[in-house]
Amino acid sequence: MRFYMKRKSFLAGLFLVLLFACSRMPSRLEQALALAEDNRAELEKVLAHYTTDPADSLKYRAACFLIENMTGHHELGSPVTDSLKSVLNREKFNDMTLMQIRKIYGNTDVYTNTVRQKFKIRFKEKYGSVPSDYTVKPDLKYITCDYLVRNIDVSFRIWEDVPWRDAISFDDFCEDILPYRISNEALEDWKETYHRKFRPAIDSVRDSRNIREICQTLRDYLSDPFWIYEHDFYTPGLGPLTMLESRLGNCKEQTEFTAYVLMSLGIPAGIDRIVQNANHHYLSHYWNSIRELDGNRFYIEFNNLYDKIEDFDRDRRYGKIYRAHYGLQPASLPMKLKGKHVPPALASPFLADVSHEYFPHVNMTVEPDGKTEKGETVFLDVFDGRRWTPTGWTETGREKKRVRFCHVEPNVLYRVSAIRDGQQVPLTDPFILKGDENACFMRADTARLQEMKLTRKFRTTSYWKKRLNRAVGGKFQGANRVDFSDAVTLHETVDAPSLSMMTFPAHHAAKFKYVRYISPDSSENSIAELWFMSDGKPLHGTIICSNGMDEQGRENIMDDHPLTSFNLKENGTWIGLALENPQQINEIRIQYWNDDNSIRKGDEYELFYWANDRWNSLGRQTGSDTHVLEYKNGPSGALFLLHNHTRGREERPFTYETGKQFFW
């Protein structure tokens, strides 16, 4: 026994000698420890903890990985964030917590459109607005030895316990299972809690080593309770333990929550994202990227599993796609351009370009209009509705007249630029990358003008198209009996309507005391505006609706406000008017529930076209009863942008061809 103890001590001593005396500490680790300043001792305690036993050599390497990549990781906090966490978990508004409200109302329009708004209003009344400024607590200066050791130990226990342990390399383990944080959330001991909660859910399929099957099994557990998708009331730093109970946030929080679950079960889970939506004003979008044991990947977006990006939201354009890591990425732009200006969208050193996984065969070569220098960094921009945002980059080669971008999404509006003296300088006109890798440039021809009729300032998404299809078969009727037993159909919707205000003629000589819109069977319709016209004037009366319909909100159909509506939920439900005297109906106007991006009466609009590296005005107009803007001076071949000076933020560039707007 004594010999054994001496032998063990000798091996441990030898391990220390080899570790410290015979080699230098890696320079990145030295730099991180220096940046820790007063917290350096805490980090050195972690390293020392894993040098007492040679069996912990791999844990020592894991500790080095966490510490040397800790630069840039931090927690964002604020008093309002702390208050929100308290409200989500414990505090009551109107004798109900958010969790109790969820159980009572479920995932319904009643909750999402009414209760959620009341919750936000009451929260802001009590605690103030959601902050835009946060306190930053760098991990290097605040993290403790005990916290890191607990995280490392539980991560190794999870890794060593999974049946697919042999298929996860140490490098993959460090990036996708070991990290204690994903973003800028609060530091919490979450991994063990998540493991205990979700481990029983996969018992029946765990031994199959089929990662996809395991994730399929988890779907029901990930959505119970259902996720409250909330992007208006967003605040970072809620932390994984609050998220486990509240299930509140936008796609970022939902993706992080899914990653917490998968990491706690030993499933390598990446987070893929775009830094700027290529056809929307929203900055980013996030989803989970899961690697199967054979190396293939599948993706989780809003708890749905997909094999390829084409199965995602077909309305969204991505441009370039990045994967977020815990470790610093040597190929990231800030690591390449140390000390130089980096566009904010590409400023994270933890992002790796994985566009090759999504767009492996689409590359393009562009010849800039402006001069470039050999080795100069040039950017691939997309338009966010207000400005051009760099989302990809490359370096010019020997042929300074051409730049090549690899693995980009086709059918997207792009522009190439450079950063010079801190300013973004355009190098090309905007262009659309066609599927054959050809760039179709938008160049305004002011010698060939065209007449333009504009109805919208933003694209119509498939969500709205799907809702509008429900209106096919809807009828507008007149009657002289209150039960509509003598109803006469004045107009029937036979084609999918638009989101704009629509006008239909009503050819019938009779006069009617009662008029209504009746929804098609098996279809839910939401009516924003409904006007029955006589001799060009809107008729007024008492608003009536189907028996059993909730009368609250009926006035929304005649308030000249396109964002308020009345919902017809059941088969054949209707809403209409009881007129004071019978009237002949000449015309019907209706606008279904919409995004308020159509031309609005009374709002001031301005049309621009792109030329000479800037947006040029074609003049201002005010929306009228027709809900159409008419311009006769639109240049051919141009890229246009319609701006509403009165309200709203959703605007997209468009081309005008064959009398129609095509949004990009």
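User: How many helices and strands does the protein have?
Analyst: This is a predicted model, in which local features need pLDDT of at least 70 and side-chain atom pairs count only at pLDDT 80 or more, while totals for chains, interfaces and linings use all residues. Residues are numbered from 1 along each chain as its sequence is written, and side-chain values use heavy atoms, with hydrogens and water left out. Helices (H or I, at least four residues) and strands (E, at least two) are DSSP runs numbered from the N terminus. On that basis the protein has 17 helices and 35 strands.

User: What is the average pLDDT of the protein, and where does pLDDT fall below 50?
Analyst: pLDDT is the predictor's confidence in each residue, from 0 to 100. The average is 87, and 87% of the residues score at least 70. Values below 50 occur over residues 1-24, a stretch with 16 contacts beyond near neighbours in sequence (contact: heavy atoms within 4.5 Å). pLDDT also stays under 50 over residues 107-113.

User: What share of the residues is buried?
Analyst: Buried means under 20% relative accessible area, exposed over 50%, and partly exposed in between (1.4 Å probe, protein chains only). The protein has 664 residues, and the buried share of them is 53%.

User: What part of the contacts with a separation of 6 or more comes from residues 24 or more positions apart?
Analyst: The count concerns contacts in the protein with a separation of 6 or more. Residues 24 or more positions apart account for a share of 70%.

User: Which backbone oxygen lies 2.7 Å from a polar atom of the Ser155 side chain?
Analyst: Ser155 is found in helix H9 and counts as buried because its relative accessibility is 0%. Beyond four places in sequence, Ser155 is in contact with Phe173, Ile177, Leu178 and Lys191. The backbone oxygen 2.7 Å from its side-chain polar atom belongs to Asn151.

User: Which geometry does the aromatic pair of Phe156 and Trp159 have?
Analyst: Rings of Phe, Tyr and Trp (its six-membered ring) pair if their centres lie within 6.5 Å; planes under 30 degrees apart count as stacked, over 60 as edge-to-face and the rest as tilted. A search of the whole structure finds 37 aromatic pairs. In the pair of Phe156 and Trp159, the centres are 5.7 Å apart and the planes form an angle of 70°, giving the geometry edge-to-face.

User: Is the pair of Phe476 and Tyr517 stacked or tilted?
Analyst: Phe476 lies in strand E20 (residues 475-479) and Tyr517 in strand E23 (residues 511-518), so the pair ties together parts that are 41 residues apart in sequence. Phe476 is buried at 0% relative accessibility, and Tyr517 is buried with a relative accessible area of 0%. The ring centres are 5.1 Å apart and the planes lie at 55°, so the pair is tilted.

User: How far does the backbone oxygen of Pro163 lie from a polar atom of the Arg209 side chain?
Analyst: Arg209 is in the loop between helix H11 (191-198) and helix H12 (211-222), and counts as partly exposed because its relative accessibility is 30%. The C-alpha atoms of Arg209 and Pro163, 46 residues apart along the chain, are separated by 6.4 Å. A polar contact is a pair of N or O atoms within 3.5 Å; within protein, one must be able to donate a hydrogen and the other to accept it, and residues adjacent in sequence count only if both atoms are side-chain atoms. The backbone oxygen of Pro163 lies from the Arg209 side-chain polar atom at 2.5 Å.

User: What is the phi of Thr658?
Analyst: Thr658 is found in the loop between strand E34 (654-657) and strand E35 (660-663), and is exposed, with a relative accessible area of 73%. Most residues other than glycine have a negative phi. For Thr658, phi is positive, near 50°.
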